[in-house]
Amino acid sequence: MARFFNIEMLPARHGDCLWIEYGDDTQTNRILIDGGPVSTYDTLAKRVAQVPSGERGCELVMLTHVDADHVEGLVRLFAEKPLPFAVRKVWFNGWRQMNKSHRLLGPMQGEFLSALLVNRLGATAWNVDAPPWFVPASGSLPSVTLDGGMKLTLLSPNAAKLKAMASEWKKKVEQDGIEPGDLDAAWELLAKKKRFLPKNGLLGTTPNLDRILKRQFKIDQAKANGSSIAVLAEYGDEPNVKRALLLADAHPDVVTASLKRLCAERGIQRLKVDAVKVSHHGSKANTSEALLKLIDCPAYLISTNGDQFKHPDKQCLARLLKFGKPQTIHFNYNSKFTKPWIAKAAQTKYGYKASVRNTKAVSLVVKL
């Protein structure tokens, strides 16, 4: 029986919105990771509409962290009533999970989503008082197997990163006039935010590379990024398991530490994966040499049009080419920031292939 594992990057401007399908000839299972900024909602709705009406369901919706370019589209999606698809489980570290820097920080949107999840889904899919998703300091990395056989192993965040984000969350939400975790107040405030609402309102290796590489690597310090939920997704049986690292905006020190633990546990030097969704849209501060040296991967996915922070950064691409040695790099936008890497000259010079989403397509599909 033929099995498949596909990752689709939706055009989410400077953010992330990943649509994942896995299964076999008899069944298709789905995972939605993040929703991009609010403008991504229309595209996300189109993707949902492509699913046959009787099959519109997700095994999991994962909000990796509360940066606006990841959460806003989900806030808008969950504002619909009824929801356009069924949701079995939600992974999201809200205020109550975090409580046990940059200008796109979105804790208020996190409060909005918390309120929507409670009102739309209830505790069966997301429990507002559930334990947080984080990597413990010792022992095996947490893992969950979803219906249909997709195994997700948690790589980020750790407890320290989550705690740091909690203080940022509290400060930002109080600036908006409500107490963190007050979902009734968040619900009332959301009802006034027109951009999130339905029309009817809220219902219910070369010299060139080496020169770039000599620039000092500085780890991303943004607290929201550090709180990102990052996972290793594995589907299928040995020897035909397909694997992908889905890194959101996670900090490289946390992911590297988790990968070292995982490799030690499995008795291997490097983890072989089929694809990596590059952290933080190809930021220079989120993909380190140490991380790349722990994986063996032919394909890297970069989600951004670069219109906020001019991602992807040259330093990140240089590290990918030098230490990751990709066969293919997938881009969901052909922008002035990705053009140099999509150009045939760069592909020939550095020995890789580039793929880019057709502007008329709802998503870029990467088949593992």
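An open sheet of six strands runs in the order β5-β4-β3-β2-β1-β16, with mixed pairing. Two strands pair if DSSP finds at least two bridges between them, and helices (H or I, at least four residues) and strands (E, at least two) are DSSP runs numbered from the N terminus. At the edges lie β5 (86-91) and β16 (364-367), each pairing on one side only. On average, neighbouring strands of this sheet are turned by 20° against each other, direction ignored.

A word on the source: this is a predicted model, in which local features need pLDDT of at least 70 and side-chain atom pairs count only at pLDDT 80 or more, while totals for chains, interfaces and linings use all residues. Residues are numbered from 1 along each chain as its sequence is written, and side-chain values use heavy atoms, with hydrogens and water left out.

Let's look at one pair of strands. β1 (residues 3-9) and β2 (residues 18-24) pair in the antiparallel sense over seven bridges. Here arginine 3 stands opposite aspartate 24 in β2. Helix α2 packs on the sheet, touching β3 (28-33), β4 (57-62) and β5, and its direction makes about 140° with that of β4. Contact means heavy atoms within 4.5 Å.

Strand β1 also has a link to a helix. The side chains of glutamate 8 and arginine 47 meet in a salt bridge (2.8 Å, N to O). Glutamate 8 lies in β1 and arginine 47 in helix α1 (residues 41-49), so the pair ties together parts that are 39 residues apart in sequence. A salt bridge is a side-chain nitrogen of Lys or Arg within 4 Å of a carboxyl oxygen of Asp or Glu; by this rule the count comes to 17.

Now for the helices. Axes are lines fitted to C-alpha atoms, for helices over the stretch in contact, and angles run from 0 to 180 degrees between N-to-C directions.

| Helix pair | Axes come within | Crossing angle |
|---|---|---|
| α2 (residues 68-78) and α4 (residues 107-120) | 9 Å | roughly 30° |
| α4 and α5 (residues 159-175) | 8 Å | roughly 90° |

α2 and α4 are therefore roughly parallel to each other, whereas α4 is roughly perpendicular to α5. Angles under 35 degrees count as roughly parallel, over 145 as roughly antiparallel, 65 to 115 as roughly perpendicular and the rest as oblique.

Which residues of α4 and α5 make their contact? They are Pro107, Met108, Gly110 and Glu111 of α4, with Met165, Glu168, Trp169, Lys172 and Val173 of α5.
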